[in-house]
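Student: I would like to go through this model by question and answer. Please give the cut-offs as the terms come up.

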Amino acid sequence: GPKWKKGRATITAGGALVMLVGVLAVYGITGTFDLGAMKGTALPLGVSALLLTGLLSKSATLPFQTWLPDAGVAPSPVTALLHAAVLVKIGVYVFARLFLSTFAFDEALRLIVASIAGASALVSAGAALVENDFKRIVAYSTVSQIGFIFLGLAMGNAIGAAGALLYILMHGLAKAGLFLSAGIVEQNAGTKDITKLGGLIRSMPWTAGAFLLCAFSVMGIPPFGGFFSKYMVISAAVSGDQLVFGAVFLAGALLTILYLFRLFTKVFLGEPHGVLAPETSRLMVACVVLLAALSLAGGLVVGWPSDLARVAISQMLGVAG
């Protein structure tokens with residue numbers, strides 16, 4: 001609707017304008033827009049903060065996270081594609097290109113990014129734990145998981161960078177499945193309010209099963225793909241002597257398990273509220289089942305995407321391969 005579009009435009013466009021000022025400041029320092037020519041350049045913290053503001057607003061990270069849950073009014077295929085797999089990942093991708101591959105990534109900025117990521121992961125996970133709108137819960141989960149990706153990149157070591165890149169892939173697969181499952185429930189049950197849902201596993205067994213498998217990946221349950229990426233990110237904090245951040249994100253991982261199990265229990269288990277809605281579209285169900293299967297397969301063949309991540313890391317300045 002107009003409200004969420006206006007909110008997203010205000011936050012993302014405002015962040016982009018601030019980032020544009022940062023880009024112009026970078027040009028004033030380096031005299032070029034060529035990323036290759038900027039390699040190793042140490043930026044003033046203020047200029048880095050301008051760039052970071054734009055990246056955080058695009059990736060819906062605290063304190064710019066409010067537009068993403070509001071975007072849940074959009075059709076589920078849109079939220080699955082843009083908000084789980086493409087749009088919010090742009091911020092972390094550009095962050096990796098700029099601060100891992102191009103500019104010198106100093107310790108002060110590293111701690112700032114990790115602190116913002118930790119706060120974003122915990123605050124949004126707490127919001128998901130008390131929210132009753134199906135798609136808003138999934139959207140808050142995305143905000144929280146983006147924090148894990150930023151943490152991996154902020155650690156500045158090989159295992160953290162590999163975990164973050166792997167996280168982008170595994171989260172995209174599983175979260176798209178969760179959004180599409182929400183769309184199936186909303187279309188057939190006529191509501192996103194989880195307090196008005198229940199017992200749908202009886203009439204939507206395939207959707208329920210696919211949702212649970214995708215949720216396992218987001219939770220970080222082995223052998224799903226999400227386990228390996230989450231383990232690598234938290235391990236990067238521990239191996240980098242950032243035990244506080246490791247503990248914060250371990251708490252975030254536990255909260256992820258709590259709010260996703262709460263969501264599954266409220267929607268698919270328990271006593272039904274009203275008439276049990278059936279699965280009316282085989283194509284829609286097939287899509288979520290495929291994403292669930294890919295989330296599991298991603299963990300079983302994790303070596304292949306991990307090898308691709310290592311190739312990318314080998315090209316990043318300052319990250320030991």
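Tutor: A charge sits over a ring if NZ of Lys or CZ of Arg is within 6 Å of the ring centre and within 35 degrees of the ring normal. This is a predicted model, in which local features need pLDDT of at least 70 and side-chain atom pairs count only at pLDDT 80 or more, while totals for chains, interfaces and linings use all residues. Residues are numbered from 1 along each chain as its sequence is written, and side-chain values use heavy atoms, with hydrogens and water left out.

Student: Over the ring of which residue does the charged end of lysine 230 sit?
Tutor: The charged end of lysine 230 is 4.8 Å from the centre of the ring in question. That ring belongs to phenylalanine 148.

Student: How many helices does the protein have?
Tutor: Helices (H or I, at least four residues) and strands (E, at least two) are DSSP runs, numbered from the N terminus. The protein has zero strands, and its helices number 13.

Student: What percentage of the residues in the protein is buried?
Tutor: Buried means under 20% relative accessible area, exposed over 50% and partly exposed in between, with a 1.4 Å probe and protein chains only. Of the 321 residues in the protein, the buried share is 52%.

Student: How many aromatic pairs are there?
Tutor: Rings of Phe, Tyr and Trp (its six-membered ring) pair if their centres lie within 6.5 Å; planes under 30 degrees apart count as stacked, over 60 as edge-to-face and the rest as tilted. By this rule the number of aromatic pairs is 16.

Student: Of what kind is the pair of phenylalanine 134 and phenylalanine 211?
Tutor: Phenylalanine 134 lies in helix H7 (residues 134–154) and phenylalanine 211 in helix H9 (residues 205–219), so the pair ties together parts 77 residues apart in sequence. Both phenylalanine 134 and phenylalanine 211 are buried. Their ring centres are 5.8 Å apart and their planes stand at 85°, so the pair is edge-to-face.

Student: Which helices hold phenylalanine 148 and phenylalanine 249?
Tutor: The two rings have centres 4.9 Å apart and planes at 75°, so this pair is edge-to-face. Phenylalanine 148 and phenylalanine 249 are both buried. The pair ties together parts 101 residues apart in sequence, because phenylalanine 148 lies in helix H7 and phenylalanine 249 in helix H11 (residues 243–268).

Student: At roughly what angle do the axes of H8 and H9 cross?
Tutor: Axes are lines fitted to C-alpha atoms, for helices over the stretch in contact, and angles run from 0 to 180 degrees between N-to-C directions. Contact means heavy atoms within 4.5 Å, and residues meeting here include Met170 and Ala174 in H8 and Phe211 and Cys214 in H9. The axes of H8 (residues 158–189) and H9 come within 9 Å and cross at roughly 150°.

Student: What relative accessible area does serine 144 have?
Tutor: Serine 144 is in helix H7. Among the residues it touches, not counting those up to four places away in sequence, are Ser120, Ser124 and Tyr259. Serine 144 is buried, and its relative accessible area is 0%.

Student: Where does proline 63 lie?
Tutor: The peptide bond from leucine 62 to proline 63 is cis, with omega near 5°. Proline 63 is in the loop between helix H2 (45–58) and helix H3 (67–70).
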